[in-house]
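Visitor: I am new to this structure. Could you show me how to read it, one feature after another?

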Amino acid sequence: MSVAGPGASRRRADLSDEQIIGRVCAGDTACYELLVRRYNQRLYRIVRSILRDDSEVEDVMQEAYLSAYRRLADFSWRARFSTWLIRIAINAALDRLRKSGRFVPFDPTLEEARARLLHACGAGARDPEQQTGERELGRMLEVAIEALPAPFRTAYVLRELEGMPAVDAAECLGVEEGTVKTRVHRAKRLLREAISREVDDASDLFPFGGERCDRVVAAVLDRVASPR
C-alpha cells in the first residue's frame with residue numbers, strides 16, 4: 001500500500017465540499033475525514049453554544065456527522081453543505097436538550113439576561129486591576145458569551161465567531177433574517193455591558209483542535225467504516 005505524501009494530502013485538502021462528497025459517494029469513504037476536520041471547529045462552537053457541556057458536545061458532533069454521512073447521497077445542493085450540516089447539528093443539540101428535560105422556551109427580560117451576564121463575569125467581586133491580572137480578555141469574553149440567553153448566544157456564534165452571513169444563519173436556525181440580526185444586536189449590547197468594551201474580534205475563541213479534533217475524527221470514521 002502506498003502512503004500519500006504531504007503534497008497529496010494538501011491536494012486532497014484543497015478539494016471543494018462538492019468534490020469531496022462526490023468521492024465519498026463514489027466509495028472513497030476515507031475522504032469523509034476531510035469534511036470532519038474542515039468543520040470540527042465550526043460545529044464545536046455552534047453545538048457548544050446550545051449545550052455548554054464538552055462531553056455532550058462531542059457526542060452530538062459525532063451524531064451530526066454520521067447523520068449527514070448517511071444522507072449524503074440525498075443531498076441536493078439547494079443550500080451550502082456547511083449550512084445543511086450545521087442545521088443537522090443544531091437539531092441534534094436541541095433534541096439532546098429536549099430528551100434531557102433541559103429545553104425551556106426562552107422569554108426572560110433583557111434586565112434578567114444582563115444580571116446573569118454581570119454575575120458570570122464577576123462584576124463587583126474584584127476591582128478592575130485584580131480582574132485584569134487574573135484573566136485575559138479572551139477568557140472574559142468566553143464567559144460572557146456562555147452567559148448569554150440561548151437564542152442570542154447561538155446567533156452570535158454563527159454570525160460573529162463563524163462569520164456566517166445573516167441569511168445563512170437564519171436558514172440554520174429556522175428563523176427570519178431580521179430575527180438573527182436583532183438577536184446579534186442584543187447579544188453585542190449585553191456583552192458590551194458585561195465587559196465594558198467593544199466586541200470586535202472573536203476569531204480565536206472556543207478553540208477545538210489537537211487531540212479533541214483527532215478524537216472526533218477517529219470516532220466518526222470508525223463508525224462510518226463499521227455502520228451499525
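Guide: Start with the inside. This is a predicted model. Its largest cavity has a volume of about 40 Å³.

Visitor: How many cavities of 30 Å³ or more does the count come to?

Guide: The count comes to 1 cavity of 30 Å³ or more.

Visitor: Which residues line the largest cavity?

Guide: Look for Arg45, Arg48 and Ser49 in the lining. Ile145, Glu146, Arg153, Val157 and Phe206 line the largest cavity too.

Visitor: Which elements give two or more residues to that lining?

Guide: Three names to find: α3 (32-51), α8 (137-147) and α9 (150-161). The most comes from α3, which gives 3 residues.

Visitor: What classes of residue does the lining have?

Guide: It has 4 charged residues, 3 nonpolar and 1 polar.

Visitor: Now the helices. How is a packed pair described?

Guide: Two packed helices are described by the angle between their axes and by the distance between the axes. Take α3 and α9. Their angle is about 165°, and their axes are 8 Å apart.

Visitor: What does that angle make them, roughly parallel or roughly antiparallel?

Guide: Angles over 145 degrees count as roughly antiparallel. Therefore α3 and α9 are roughly antiparallel to each other. The crossing of α3 and α9 is right-handed.

Visitor: Which residues make the contact?

Guide: From α3, they are Arg45, Ile46, Ser49 and Ile50. From α9, they are Arg153, Thr154, Val157, Leu158 and Leu161. By class, the contact of α3 with α9 has 5 nonpolar, 2 polar and 2 charged residues.

Visitor: Can we try another pair?

Guide: Go to helix α4 (residues 54-70) and helix α12 (residues 210-225). They pack at about 40°, with axes 10 Å apart.

Visitor: How is α4 set against α12?

Guide: That angle makes α4 oblique to α12. Here, too, is a handedness to read: α4 and α12 cross in a right-handed way.

Visitor: Which residues of α4 and α12 make the contact?

Guide: On α4, find Asp54, Glu58, Met61, Gln62, Tyr65, Leu66 and Tyr69. On α12, find Arg212, Arg215, Val216, Ala219, Val220, Arg223 and Val224.

Visitor: And how does the contact of α4 with α12 divide by class?

Guide: There are 8 nonpolar residues, 5 charged and 1 polar.

Technical notes. Residues are numbered from 1 along each chain as its sequence is written. This is a predicted model: local features need pLDDT of at least 70, side-chain atom pairs count only at pLDDT 80 or more; totals for chains, interfaces and linings use all residues. Side-chain values use heavy atoms; hydrogens and water are left out. Axes are lines fitted to C-alpha atoms, for helices over the stretch in contact, and angles run from 0 to 180 degrees between N-to-C directions. Helices (H or I, at least four residues) and strands (E, at least two) are DSSP runs, numbered from the N terminus. Angles under 35 degrees count as roughly parallel, over 145 as roughly antiparallel, 65 to 115 as roughly perpendicular and the rest as oblique. A crossing is left-handed if the near helix is turned anticlockwise from the far one by less than a right angle, and right-handed if clockwise. Contact means heavy atoms within 4.5 Å. Ala, Val, Leu, Ile, Met, Phe, Trp, Tyr, Cys and Pro count as nonpolar, Asp, Glu, Lys and Arg as charged, and the others, Gly among them, as polar. On a 1 Å grid over the protein atoms alone, a cavity is a set of points where a 1.4 Å probe fits but cannot get out, and a pocket is an open set with protein on both sides within 12 Å along at least five of seven lines; lining residues have an atom within 4 Å of a point. Grid points are joined across faces, edges and corners, and a volume is the space filled by probe spheres set on the points.
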